[in-house]
There are 2 protein chains.
Amino acid sequence: MNNHDLGANFIEIDFEPIGRRIDVLPGTTILDAARSAGIELSSVCGGMGSCGACRIRLMEGTLSSLTSTEKNDLSHFEVNDGIRFACQAKVINSVKIDIPPESLSTPQRLQVEGKGKNVDLDPVVYSIEVTLQPPGLSDLRSDLSRLRDKLSEMGLPQIEICHQALVSLSDELRNQNWKVSVILKNSEIIAILPSGSKIYGLAVDVGTTKLASYLVDLENGETVSFSGAMNPQISYGEDVISRISYSNDYVAGNITLQKILIDTLNNLTKEMSQGLGISIDQIVDSVIVGNTAMHHLLAGFSVHQLGTAPYVPSVSEAIEIPVQAIGLKIAPGAYIYLPPNIAGYVGADHVAMLLAVQAAQERQDAHTIVSLDIGTNTEISLYHWGRHLSCSCASGPAFEGAHINDGMRAAPGAIEKVRITNGRILLQTINGNLPIGICGSGILDVVAELFTNGIIDHRGVFLRDNANNYNGRKEFILSPASKSENGRNIVITRKDINEIQLAKGAIRAGVEVLLQEVGVTDEDIDEFIVAGAFGTYLDIESAIKIGMFPDLSREKFLQVGNAAGIGAKAMLVSKSQRRLASQISMNVEYVELTTHPGFTESYMAALAFPT
Amino acid sequence: MNNHDLGANFIEIDFEPIGRRIDVLPGTTILDAARSAGIELSSVCGGMGSCGACRIRLMEGTLSSLTSTEKNDLSHFEVNDGIRFACQAKVINSVKIDIPPESLSTPQRLQVEGKGKNVDLDPVVYSIEVTLQPPGLSDLRSDLSRLRDKLSEMGLPQIEICHQALVSLSDELRNQNWKVSVILKNSEIIAILPSGSKIYGLAVDVGTTKLASYLVDLENGETVSFSGAMNPQISYGEDVISRISYSNDYVAGNITLQKILIDTLNNLTKEMSQGLGISIDQIVDSVIVGNTAMHHLLAGFSVHQLGTAPYVPSVSEAIEIPVQAIGLKIAPGAYIYLPPNIAGYVGADHVAMLLAVQAAQERQDAHTIVSLDIGTNTEISLYHWGRHLSCSCASGPAFEGAHINDGMRAAPGAIEKVRITNGRILLQTINGNLPIGICGSGILDVVAELFTNGIIDHRGVFLRDNANNYNGRKEFILSPASKSENGRNIVITRKDINEIQLAKGAIRAGVEVLLQEVGVTDEDIDEFIVAGAFGTYLDIESAIKIGMFPDLSREKFLQVGNAAGIGAKAMLVSKSQRRLASQISMNVEYVELTTHPGFTESYMAALAFPT
């Protein structure tokens, strides 16, 4: 296939279901070809063939023979199905390749799509096609007057235009031969694009640890691209408090944190737009959600007051920022919509989650709804017959694997599920790798299993010291050195159990205080919604066994994944969802737990395991 | 001279009499070297070697050989004297260069204060003092909500806040102990300043040649500081057309021109604010006027269409630009108000002038008012009983000293007044220096005196060839070499006289066409207003003698100086003046002279001198 000037024998690869084609030289691996095509395949091991994350399926044509790595790691069924490792399979002829969604890059087990949400399309930013008569000696109106007059004729009087759109107006009109797409945000022109341009919006969930970025087609509401990354601020501190300290302690510290965050968002956006073959000028709106500290750091606001009692935010209401004010690289006249924050430690991401799962508004089928997003800070909301209370509790980083002896994030090799039956320990690791450590859902399981198997008592104290799986009364061996990736025992210590007690106690006490505030008990709860990555992977039974969640009938629990991202996307395509978000935040009664008279008692009671 | 890290052979140039030294690479032109040294040489043709404005003199060392351009255009005398064109001569060895004053773009006689204007104070931006209760555990409102609630209590509900003010809000409130000046633009907070801060506005008249910058106390309307400079864009072309060409011919050419202009404005503002001991954050509003091309270059708009028929502007209406969009360094949340343009060659500076002298609105004492601002393009307005017409005529750069054999700008040594009595020539130069050349008002005088003394006829033809003061029939010696600064005869040539005829003919024809349009004649004119620097220094008698102005009774003429600057200052402190400016621009009927049926006839008739 000599379709290049150089005359080399390029071979065409067709990547499905994305529909991207690329020509490569023979011998190129599918992984490299995908990278060249702007498709990021998972590759935890860096293309060494050891992680198996880059599985693809051959649909048509032939690839190089199976390598010994593939022969070892692929099942017979997979081989028959055409599954290959992209890093091992090399191109020899023209092929069509299917990329399963799970092989698309996510640096960790990250986002899961939450419960879907049907939103009526009513976007803030929309496009209209305009054709103008060019000027002549008998019609010397300025370009802007000409455009305005035409829009007025079309039923759009009183239209404003932002400076960035104005800068490109005259050249764009002439380059496009007086036929353009005019991009309007309410009654303001924010961009002038070639006629027929499709327009997109950017939705981002800025987590303290992870970023999830989506491109949405503003005309049909469909998510057309997704990209995730670690929050680069991690290198300045793993949690919100340490980043606030960094901001306070270093000159322009918050500007540093703002800049690296925005650089990363710009890279994600560039990747996605290149993948789709669109210009960033076609990305004409954005909604970004995050906790209050992430919100403030993104916007360039001081976070000093977030680290000092009484922890008030600079801004709680919804705001819009011109993208150029903070350097976000989408259409230069676009805005970033930042939904309202509730308090210093209950942010816009919580509002977006509530919006996505309808957990703070009247519904026929549920009148008492608890919803929570578990993290270093856990945000909890209680909706009860029109009243809406929320609070934040310091649950600590244990569920993110921090402050745990063998804790780790939810990456390949992390123990994510544990069962102990008749003294036998069953472990499940992410991707089935040899155990490296324990992630949040695994820790929760271990503690629940230790307790239900009578290995620890309700106070969290080890009861026996003579079994194989524990070492004195200080730790329990979950995976012996011989069976672990790094040749070390993977253990749960007494201190680890205490960390979990503190975390789950705080969460349960937060829920109880809110229930008390409205005068109801556990039994009155109609729905118990758990959002976020950890919330999605945790085992509800384990959470109930250790008393983190109340013992409700199981169908009341809903694990909704990255609902904050869903909420952000909903606000991108719907004005009424933005209004609803503001109503939610205005209706909420924030309950400060640290000074709440009932909190300490509930907390003390919730530390023990339920007997 | 290896005085750079790279060890390249940099060559030192010593510019005299300024005494500036700079190292450049071999092959650099003297023009580029001067630019690098921050010395603005005249360069009408943009460095093409055709205008001869960038003459310099080699004092020591050697330069590249004379180019054919120089051999054609430099006289034998000049070559012997070491005169070169800076754009043609390249550096080959260390040299000492003399820059004659007439080749410097600076200094010149700059702005004069125009006729005063009393304006009722009604500024768009104002300040109010606010004291807030700090937050506490029982009052967790965000900082913005707290401020908004307080403003609402004070009778200011529905207040918005710009991003730049929001960025500083939390720290400013705490640093100032919850007592601040809130700076409002209409209903938007644009800055938060320490309690009691005085606030100022910046008014700028961006001329093609000169910049005039004023700081105005927004609370009493007084001008507290003034600073002028040359428009630095001059080094890319002396007139509007050559700058439009530069923008079209070079990648990001208009961005280059925007940047050097704004850098200079920022320097002027910094100088003025340092002089007053205030912070630039206290400069909270600005109004900038200029012709349409200057307006577009400042705002970053394309000027391509201004250089191509039918010469329509991007924007004619008044606009406001956030200062951060173009990098103007005053309070970061402030805006720049750009008053309306009338057409591609009748800009906001003309509107500002009309506003300042009330030349386009109903007045008891004057119902037919002609007002004009003479430059390379001369803008002319006629107000007649509620109708307002305006036009622009290409009067050429003769009155700025260009295209005149011994022409120069109004700098020290320029002949600015001439009288010829009984064959005796009386000259007055700026600052009383020995004559170097002739500036606009001098040229006007010479031509008028030559005509009234019968030395030229009504066609501009020399009548005699036997007197001391002229040389054949080609030129008239105004100042002999022996009495001139540079040892050369300063002459007026037949071609110079023709240039003046073309210029004054265009101006007079423009006035006549407008009068014809409303069906009146010269005698109906109640006021004849002449604005701008040249308009202020020109001799009305001379202008009448050569037929540039109609022969009205002398008290009808008003020379109003930099009225555009006065108008800009009026708009800075008064909303109603801004509204009036927009009304003026909407009311105006623009008359395109180039296609006007009566123009050519009037023009032909106006070329001759009146007999």
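This is a predicted model: local features need pLDDT of at least 70, side-chain atom pairs count only at pLDDT 80 or more; totals for chains, interfaces and linings use all residues.
Pro310(A) sits in the loop that runs between α8 (292-299) and β14 (319-322) of chain A. The peptide bond between Ala309(A) and Pro310(A) is cis, with omega at about 0°. In chain B, Pro310(B) is likewise found in the loop between α8 (292-299) and β14 (319-322). A cis peptide bond joins Ala309(B) to Pro310(B), and here omega is about 5°. Most residues other than glycine have a negative phi, and most peptide bonds are trans.

The loop between α8 and β14 of chain B also holds Tyr311(B). Its phi is near 60°, a positive value in a residue other than glycine. Tyr311(B) counts as partly exposed because its relative accessibility is 34%. A positive phi also occurs at Asn422(A), where the value is near 50°. Asn422(A) belongs to the loop between β19 (414-421) and β20 (424-429) of chain A, and at 78% relative accessibility it counts as exposed.

From the loops we turn to a helix. Helix α4 of chain A covers residues 143-153, and its buried residues are Asp143(A), Leu144(A), Ser145(A), Arg146(A), Leu147(A) and Leu151(A). What do the buried residues of α4(A) pack against? They pack against β6 (125-131), β7 (160-161), α5 (163-175), β8 (179-185) and β9 (188-194) of chain A. Asp143(A) has a relative accessible area of 0%, so it is buried. Leaving aside neighbours within four places in sequence, Asp143(A) is in contact with residues of chain A, including Leu169(A) and Trp178(A), and with residues of chain B, including Gln305(B) and Pro313(B). Just after α4(A), Gly155(A) takes a positive phi of about 90°.

Another pair of helices shows how two such elements can cross. The axes of α10 (residues 348-356) and α15 (residues 563-573) of chain A come within 7 Å and cross at roughly 80°. That angle makes α10(A) roughly perpendicular to α15(A). Among the residues making the contact are Asp349(A) and Met353(A) of α10(A), and Ile566(A) and Met571(A) of α15(A). By class, the contact has nine nonpolar, one polar and one charged residues.

Last comes the interior. In soluble globular proteins, nonpolar side chains tend to be buried together. The largest nonpolar core has 209 residues, and of these Ile189(A) and Ile189(B) touch the most other members. Apart from this core lies another, of 60 residues, among them Phe399(B), Val447(B), Ile507(B) and Ala543(B).

Conventions. Residues are numbered from 1 along each chain as its sequence is written. Chains are lettered from A and ligands numbered from 1 in the order in which they are written. Side-chain values use heavy atoms; hydrogens and water are left out. A nonpolar core is a set of buried Ala, Val, Leu, Ile, Met, Phe, Trp, Tyr and Cys residues joined through side-chain atoms within 4.5 Å. Buried means under 20% relative accessible area, exposed over 50%, partly exposed in between (1.4 Å probe, protein chains only). Helices (H or I, at least four residues) and strands (E, at least two) are DSSP runs, numbered from the N terminus. Contact means heavy atoms within 4.5 Å. Axes are lines fitted to C-alpha atoms, for helices over the stretch in contact, and angles run from 0 to 180 degrees between N-to-C directions. Angles under 35 degrees count as roughly parallel, over 145 as roughly antiparallel, 65 to 115 as roughly perpendicular and the rest as oblique. Ala, Val, Leu, Ile, Met, Phe, Trp, Tyr, Cys and Pro count as nonpolar, Asp, Glu, Lys and Arg as charged, and the others, Gly among them, as polar.
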